[in-house]
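Visitor: Hi, I'm new to this one. Could you show me the structure and walk me through a few spots?

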Amino acid sequence: MTDLPLTIKEHPRARNVLVKLVPGRGLEVVVPKGFDRGRVPEVLARKQGWILRTRARMEREGILLAPSLDLPESLEFLALGVTRTVNLVHRAGKIVLRENAGNLLLAGDMDQREEAIAALRKYVAAQARQHLPPLLAATAQRLGLDYAGTRIRTQKTRWGSCSARGTISLNAKLLFLPPQLVEQLFVHELCHRRHLNHSPAFWNLVASFQPDYARLEDELKNGSRHVPAWIL
């Protein structure tokens, strides 16, 4: 437990202390405003059993808890069935990322790991904005369900959401998930256009489009195993 990075965050609306294990970030403790941070070790000691059990489960599932700033050799976008090779060029100067013939050239001072990863994250977000909305539109047309618009975000844990106004938000990291899981996420959010809840009627609608939804929903919960640690 002690070898994991620890982050303490104060949240003005928090009423209790919340302990989380966040992929790629380690231990995260959310505390109410004014909480004595000196009491955090006491809280972690009480939660030690849960932390050890949860960490063991996540590691069995291949979920990396410790952050990794290792630069990737490729980006495997399972959702699109494409892989982008990342060619690293070590040279003086700021980090520059360019795409050429389907591959990426990442050049600059590679000691600036954070800047290099920021450039890669920006590229992933741009690819998501280009490719995910058309895929969602195709699914909506096939199901006969409409929606108001699409937003692309890079959230930590949530794959998607549907607002009361009909805007569907999609996580850019969906690009790293297998197509069947992305499709299930699309079906899930589009069905919220009929039922903005998780009532039996909602799940019956989901099942009418995807009978195997329960298995796919379970796989989605562990979808972060497909996402590289550097972008988590």
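This is a predicted model: local features need pLDDT of at least 70, side-chain atom pairs count only at pLDDT 80 or more; totals for chains, interfaces and linings use all residues.

Guide: Happy to! Residues are numbered from 1 along each chain as its sequence is written, and side-chain values use heavy atoms, with hydrogens and water left out.

Visitor: What covers the buried residues of α4?

Guide: The cover includes the helices α3 (113–143), α5 (200–209) and α6 (213–221), plus the strands β9 (160–162) and β10 (167–171). Helices (H or I, at least four residues) and strands (E, at least two) are DSSP runs, numbered from the N terminus.

Visitor: And which residues of α4 are buried?

Guide: Among them are Leu181, Phe186, His188 and Cys191.

Visitor: New topic: where is serine 224?

Guide: Serine 224 sits in the segment after α6. With a relative accessible area of 15%, serine 224 is buried. Beyond its neighbours within four places in sequence, serine 224 contacts (heavy atoms within 4.5 Å) Pro23, Ile63, Trp159 and Leu232.

Visitor: What about valine 17, where is that?

Guide: Look in the loop between β1 (6–11) and β2 (18–22).

Visitor: Which residues does valine 17 touch?

Guide: Not counting residues up to four places away in sequence, valine 17 touches Val29, Val30, Val31, Pro32, Phe35 and Val43.

Terms used: Buried means under 20% relative accessible area, exposed over 50%, partly exposed in between (1.4 Å probe, protein chains only).
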